[in-house]
Amino acid sequence: MAAVLTAAQPALAQSCRPLRKAEFVVTPLGNVPIVSVRVNGGVATFLFDTGAERSILSAAAAKRLGVNVYYQYARRMRSLGSAVSGGDARLRSFDPGGLALNDFHILVGTVSLPSIQGRPIDGLLGADFLDDYEIDLDLARRRIILYAPPPCPITAPAWSAPFATIAANRSLHERLFFPVRLDGHSIAALIDTGAQLTTLDSDSAVTVGVSAAALARDPVTTLRGAAAEAVASRAHRFAELQIDGEALRDQTIMVTRLDLQDADLVLGADFLHWQRVWLSYAWHRIFLERRP
C-alpha cells in the first residue's frame, strides 16, 4: 500500500501542472500587446486585451477575411466611455497562437483601433476566449503563453523566478479583480493589457482623498476607447500604490470616469511592460514575478 501511495503522489503532482497549449509572439505598440491570429485561413492582427469582455473583429477585417455576420439581436460590449455594438459571426477556423479552434463566435462591429505601419489592427482578443486558459503575460520578453488549467488548484506559475500570490475574484464580466491600496485606501483593481495607461475611476479618486481642486491642477490627457470615443482624464500623482505588500511610490495615474462594475483601478501596459504576470481564471489567482 505504501508503495502504491508513493507512486501515486508524483502522478498527482504531474497532473496538477498546467499544460502548455499555445504561444504568441508579441509586437508591442506603445506597450500594449499585438498578436497575429489566423482567421478563416487569413492573417489578422489582434490586441490581446484582458480588459475586454468579448473578442471583437472590425467590420473591415470581417469583410477582408470572408466572415459572415448575422444579427439575431444587437450585441454590445462595454468600452471606455461608451459601448461597441454589432452582430455575431461564426468563424470557420480560428488559430490563435497555434491553437486550432472551429466554430468560434466573435462580435463584429464598428471599432477604432490603432495602426501598425499604417495598417489598422483588426480586432481584440477578450475574456470570452481568454478565460478558458491560464495566461503567462511575459511582455518584457515579448511573449504570451497559454496553458490549459489543471484539474486541481494551481499553486505556482510555470516559471522558476520568485513570485507573489494574490487571491482574486472573478466578476460577471469574466475579469479577475483583487484588492490593492492606493495612498492608504483599499480599492479593487484589475489587469488590463488593452489599456495604455494605468487609470483610476474619478469617483474612486474622491474616495482616496483627491479633491476636485487638486484634480483641476493636474495635466489633461485624452484617452480613447474601442469605440473611438475621446475621454478627457487628469494625470494625478499618488504617493504610493501597494500591490500585495509591494510599494510602488510616486505613481502618476490617469483619473477619469470608468463606470466599471468590478474595479476602481485598471493596471495598464505601463505596469505590465516590466512586470511578469500569471492570470489563473479557473482558480481565481494571480501570480506576480518578484525580482531579487
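A residue counts as buried when its relative accessible area is under 20%, as exposed when that area is over 50%, and as partly exposed in between, judged with a 1.4 Å probe on protein chains only. By that rule, Cys16 is buried, and Cys152 is buried too. This is a predicted model, where local features need pLDDT of at least 70, side-chain atom pairs count only at pLDDT 80 or more, and totals for chains, interfaces and linings use all residues. Residues are numbered from 1 along each chain as its sequence is written, and side-chain values use heavy atoms, with hydrogens and water left out.

Start with those two cysteines. Cys16 and Cys152 form a disulfide, with their sulfur atoms 1.6 Å apart. The term covers a pair of cysteine sulfur atoms within 2.5 Å. The structure holds one disulfide. Helices (H or I, at least four residues) and strands (E, at least two) are DSSP runs, numbered from the N terminus. Cys16 sits in the loop between helix H1 (2-15) and E1, while Cys152 sits in the loop between E14 and E15. The pair links distant parts of the chain, 136 residues apart.

Stay in this region for Ala156. Ala156 belongs to the loop between strand E14 (143-148) and strand E15 (163-167). With a relative accessible area of 29%, Ala156 is partly exposed. Which residues does Ala156 contact, leaving aside its neighbours within four places in sequence? They are Phe163 and Phe287, where contact means heavy atoms within 4.5 Å. Pro18 is 138 residues from Ala156 along the chain, yet their C-alpha atoms are separated by 9.7 Å.

Now turn to a sheet. Strands of a sheet pair through backbone hydrogen bonds, either parallel or antiparallel. Here, two strands pair if DSSP finds at least two bridges between them. Six strands form an open sheet in the order E1-E14-E13-E24-E25-E15, and the pairing is antiparallel. From one strand to the next, the twist averages 15°. The angles run from 0 to 180 degrees between N-to-C directions, and axes are lines fitted to C-alpha atoms, for helices over the stretch in contact.

Look inside this sheet. Strand E13 (residues 134-138) and strand E24 (residues 277-280) pair in the antiparallel sense over four bridges. Asp136 stands opposite Trp278 in E24. Asp136 also belongs to a network of salt bridges with Asp138, Arg141, Arg143 and Arg276.

Side chains of opposite charge can pair when their charged atoms come close. A salt bridge is a side-chain nitrogen of Lys or Arg within 4 Å of a carboxyl oxygen of Asp or Glu. The structure holds 17 of them. In one, the side chains of Arg54 and Asp128 meet at 4.0 Å, N to O. Arg54 lies in the loop between strand E4 (42-48) and strand E5 (56-58) and Asp128 in helix H3 (residues 127-130), so the pair ties together parts that are 74 residues apart in sequence. Arg54 is buried at 19% relative accessibility, and Asp128 is partly exposed at 27%.

Another salt bridge joins Arg64 and Asp122 at 3.1 Å, N to O. Arg64 is in helix H2 (residues 59-64), and Asp122 is in the loop between strand E11 (119-120) and strand E12 (123-125), 58 residues apart. Arg64 is partly exposed at 43%, whereas Asp122 is buried at 4%.

Next comes the interior. In soluble globular proteins, nonpolar side chains tend to be buried together. A nonpolar core is a set of buried Ala, Val, Leu, Ile, Met, Phe, Trp, Tyr and Cys residues joined through side-chain atoms within 4.5 Å. The largest one has 60 residues, and those that touch the most other members include Phe46, Phe178 and Leu200. Strand E17 (residues 176-182) gives the largest share of this core, four residues. Another core, of 11 residues, lies apart from it, with Leu47 and Ala269 among them.

Finish with the backbone. Most residues other than glycine have a negative phi, and most peptide bonds are trans. Asn40 is not a glycine, but has a positive phi of about 50°. Asn40 lies in the loop between strand E3 (32-39) and E4, and is buried at 14% relative accessibility. Glu174 also has a positive phi, about 60°. Glu174 is in the loop between strand E16 (169-170) and E17, and is partly exposed at 27%.
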